[in-house]
Amino acid sequence: SKMVGDLEKLAKYESENLILEKSKFNISELIQNILINFEGEFKKKNIKVSFHGNDHFIVADKDKISQVIINLVSNALKYTPENKEVEISVEENNNMIQIRIKDTGIGISSEDLPHIFERFYRADKSRNRESGGSGIGLAITKAIVEAHKGKIDVKSELNIGSEFIVMLPK
């Protein structure tokens, strides 16, 4: 099927053969614009979203970095129950831009945590059926971050929430 073909194509989407079209842009503005697009969905679940950060300019592939932010924000939205909150921040640290996306969602177990960036790995099989998705989002997110010579990290506790930290060189 076409769907399977597309997923196989995506699976070949490794960080070393990503072609980056770099330009200089304001990463804080980009994130705030993405959050505006998600506003309706966050309101539906009554999730309070906060953004902290000054303007920071970065030279990177704007479309691909948008994809990273969209993936992480949509995960935070998907796995955070109603009436909870999501916090996003941007700061500069030793010439690196650090983006943190912290949710108060269902969290990820310590057995699953080391595997969540692997292709097609789903932490919770029941959660998979209810929310759909092939689990390829985080693999692509990591490939894009690494293609920019950055890194992505996650801290999580079951039933407390998860925090994704993306570090990108300016």
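Me: Is I160 buried or exposed?

Reply: Buried means under 20% relative accessible area, exposed over 50%, and partly exposed in between (1.4 Å probe, protein chains only). I160 has a relative accessible area of 51%, so it is exposed. Keep in mind that this is a predicted model: local features need pLDDT of at least 70, side-chain atom pairs count only at pLDDT 80 or more, and totals for chains, interfaces and linings use all residues. Residues are numbered from 1 along each chain as its sequence is written, and side-chain values use heavy atoms, leaving out hydrogens and water.

Me: Where is I160 found, and which residues is I160 in contact with beyond its neighbours within four places in sequence?

Reply: Strands (E, at least two residues) and helices (H or I, at least four) are DSSP runs, numbered from the N terminus. I160 sits in the loop between β6 (151-157) and β7 (161-169). Contact means heavy atoms within 4.5 Å, and I160 has D103, T104 and G105 as such partners.

Me: How do β6 and β7 pair?

Reply: Strands of a sheet pair through backbone hydrogen bonds, either parallel or antiparallel. Two strands count as paired if DSSP finds at least two bridges between them. Here β6 and β7 are antiparallel, over seven bridges, and E157 stands opposite G161 in β7. They belong to an open, mixed sheet of five strands in the order β2-β4-β5-β7-β6.

Me: Why is helix α5 largely enclosed by the rest of the structure?

Reply: Because eight of the 11 residues of α5 (residues 137-147) are buried, including L138, I144 and V145.
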